[in-house]
Amino acid sequence: MSDQGVVVIRAGREKAIRRRHPWVFSGAIARVEGSPADGDIVTVRGESGEFLARGYWNSRSLIRVRLLAWDEDEVCDTAFWERRLKRAIDARHVENRIYRHGTANACRLVNAESDGIPGLVVDRYGDWLVIQALTLGIDVRKMMLADVLAELLNPAGVYERSDVDIRQKEGLPSHTGLLRGQEPPDLIEIDENGRRFLVDVRTGHKTGFYLDQRANRATIGDWFRWDEKSDQRVVLNAFAYTGGFAVYALGGLVQRVINVDSSADALAMARRNIALNGYDTSDEDFVEGDVFQVLRAYRDAGQSFDMVILDPPKFAQSARQVERASRGYKDINLLAFRLLKPGGVLATFSCSGAISEDLFQKIVFGALIDSGRDAQIIQRLGQSSDHPVALTFPEGAYLKGLLCRVW
Ligand code: SAH
């Protein structure tokens, strides 16, 4: 037995572990035997000594152990990490199919806990891999993991984007930089469902692009494609970032997409991406400002749209912020309902894990009632298939959306 310590679970607190939830909080621990260093593999046992699971230890995190294996014979050596990485990569059937039949080359390859590798995100952008080490247990192994990834996928380079706030909860500073191979170019051009985008993996949001919205961009972008009046449809793309939804909507033959974002840099990149896909751009289609204010101004001016897309940043960072976040979501959804033409479509999202799908629907319902409009849900939206959610880890589901027809 090569594990560096034994974590004994308090009687009655083994249930979640037996149910394969991957987190062991400090309060569930009776005692620690041996003196594991942070990041070491530990065995997790019940009070009567029975084996429960194996995982990596971090004394500095409230989540003291992230569980990796529930089978006593499964040793967490390099071959283990290799098997897990390979399993995650090979499982991307949809993405693999897209790659084989087209030129698409961007997707999430490893989705942390939900892929059995707590704390590790790996995204592919063209020939580069971008990884995020969200926990100490991954941070101490990142060079080994980068080596395994390099061997499995032969990328031009592996770049790290571990500049995320949650690392503080693990006692880790931010870190970004090249781990293996060549430096990525300033902008990597990716192909997503046949659309092209420029991605800045060094400073872009997340690892550079909102890969989790890929399927929704395709759904929403095609919405007016078979509509006789598609060429008269005007879409308001609020929280536009680098124009993901805009490029798809223009490909769906709409007349015009107005992009609103508070970041001038994001809008400049949106404009480049739209042009890169062969669509005309004009200054009026890019509005730099606060969505809350811009929507109010449109309302006051009596403007209306055929589709409004609301894809805001995470309003609730934690359970404590749910109430305030709910008011924010309600506000923008209320304004959006008022701005839609009869028969128009609202595509509204929340990426706050702390806001459940059920609560989100209630918030949108509240906004509808206050708007005096009528609406029906025509489709429920979630994160793309390369962002799977392990059934044992419901916390992995964070992105939810509703596609509503509004009268
Ligand atoms: N829909 C995009 C992702 C949106 S990310 C895609 O598919 O790629 C959220 C965006 O909202 C970011 O670009 C951020 O700059 C912008 N943002 C955050 N708060 C804002 C606000 N109050 N008003 C306008 N834009 C805001």
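Q: Is Arg 167 buried or exposed?
A: In this predicted model, Arg 167 is buried, because its relative accessible area is 2% and buried means under 20%. Arg 167 sits in the loop between strand 10 (157-162) and strand 11 (175-181).

Q: What does the side chain of Arg 167 make a polar contact with?
A: Its partner is the side chain of Asp 139, at 2.8 Å. Leaving aside residues up to four places away in sequence, Arg 167 also touches others, including Glu 160, Ser 162, Leu 172 and His 175.

Q: Where does Leu 136 lie, and which residues does Leu 136 touch?
A: Leu 136 belongs to helix 4 (residues 136-139). Leu 136 counts as buried because its relative accessibility is 4%. Beyond residues up to four places away in sequence, Leu 136 touches Asp 38, Gly 39, Asn 58, Arg 60, Glu 170 and Leu 172. Take Asn 58 as one of these: from C-alpha to C-alpha, Leu 136 and Asn 58 are 6.8 Å apart in space, while 78 residues apart in sequence.

Q: What is the phi of Asn 193, and where is Asn 193 found?
A: The phi of Asn 193 is positive as well, near 50 degrees. The loop between strand 12 (188-192) and strand 13 (195-199) holds Asn 193. At 25% relative accessibility, Asn 193 counts as partly exposed.

Q: What describes a pair of aromatic rings?
A: Two values are used: the distance of the centres and the angle of the planes. The structure holds 12 aromatic pairs. In the pair of Tyr 210 and Tyr 241, the ring centres are 5.1 Å apart and the planes are at 90 degrees, so the pair is edge-to-face. This pair links distant parts of the chain, 31 residues apart: Tyr 210 is in the loop between strand 13 and helix 6 (214-221), and Tyr 241 is in the loop between strand 14 (234-238) and helix 7 (244-251). Tyr 210 is partly exposed at 25% relative accessibility, whereas Tyr 241 is buried at 12%.

Q: Why is the pair of Phe 239 and Phe 315 edge-to-face?
A: The planes of the two rings are at 75 degrees, with the centres 6.5 Å apart, so the pair is edge-to-face; the angle has to be over 60 for that class. Phe 239 lies in the loop between strand 14 and helix 7, and Phe 315 in the loop between strand 17 (305-310) and helix 10 (322-339), so the pair ties together parts 76 residues apart in sequence. Phe 239 is buried, with a relative accessible area of 15%, and Phe 315 is buried at 17% relative accessibility.

Q: Which residues do ring pairs link into a cluster with Phe 239 and Phe 315?
A: The cluster also holds Phe 292, Tyr 329 and Phe 360.

Q: How many residues line the second largest pocket?
A: The lining has 20 residues, and Trp 70, Arg 87, Glu 113, Gly 116 and Thr 392 lie nearest the centre. By class, 10 are nonpolar, three polar and seven charged. Strand 6 (63-69) and helix 2 (78-90) each supply at least two residues of this lining. The space in the second largest pocket is about 300 Å³.

Technical notes:
Residues are numbered from 1 along each chain as its sequence is written. This is a predicted model: local features need pLDDT of at least 70, side-chain atom pairs count only at pLDDT 80 or more; totals for chains, interfaces and linings use all residues. Side-chain values use heavy atoms; hydrogens and water are left out. On a 1 Å grid over the protein atoms alone, a cavity is a set of points where a 1.4 Å probe fits but cannot get out, and a pocket is an open set with protein on both sides within 12 Å along at least five of seven lines; lining residues have an atom within 4 Å of a point. Grid points are joined across faces, edges and corners, and a volume is the space filled by probe spheres set on the points. Helices (H or I, at least four residues) and strands (E, at least two) are DSSP runs, numbered from the N terminus. Ala, Val, Leu, Ile, Met, Phe, Trp, Tyr, Cys and Pro count as nonpolar, Asp, Glu, Lys and Arg as charged, and the others, Gly among them, as polar. Buried means under 20% relative accessible area, exposed over 50%, partly exposed in between (1.4 Å probe, protein chains only). Contact means heavy atoms within 4.5 Å. A polar contact is a pair of N or O atoms within 3.5 Å; within protein, one must be able to donate a hydrogen and the other to accept it, and residues adjacent in sequence count only if both atoms are side-chain atoms. Rings of Phe, Tyr and Trp (its six-membered ring) pair if their centres lie within 6.5 Å; planes under 30 degrees apart count as stacked, over 60 as edge-to-face and the rest as tilted.
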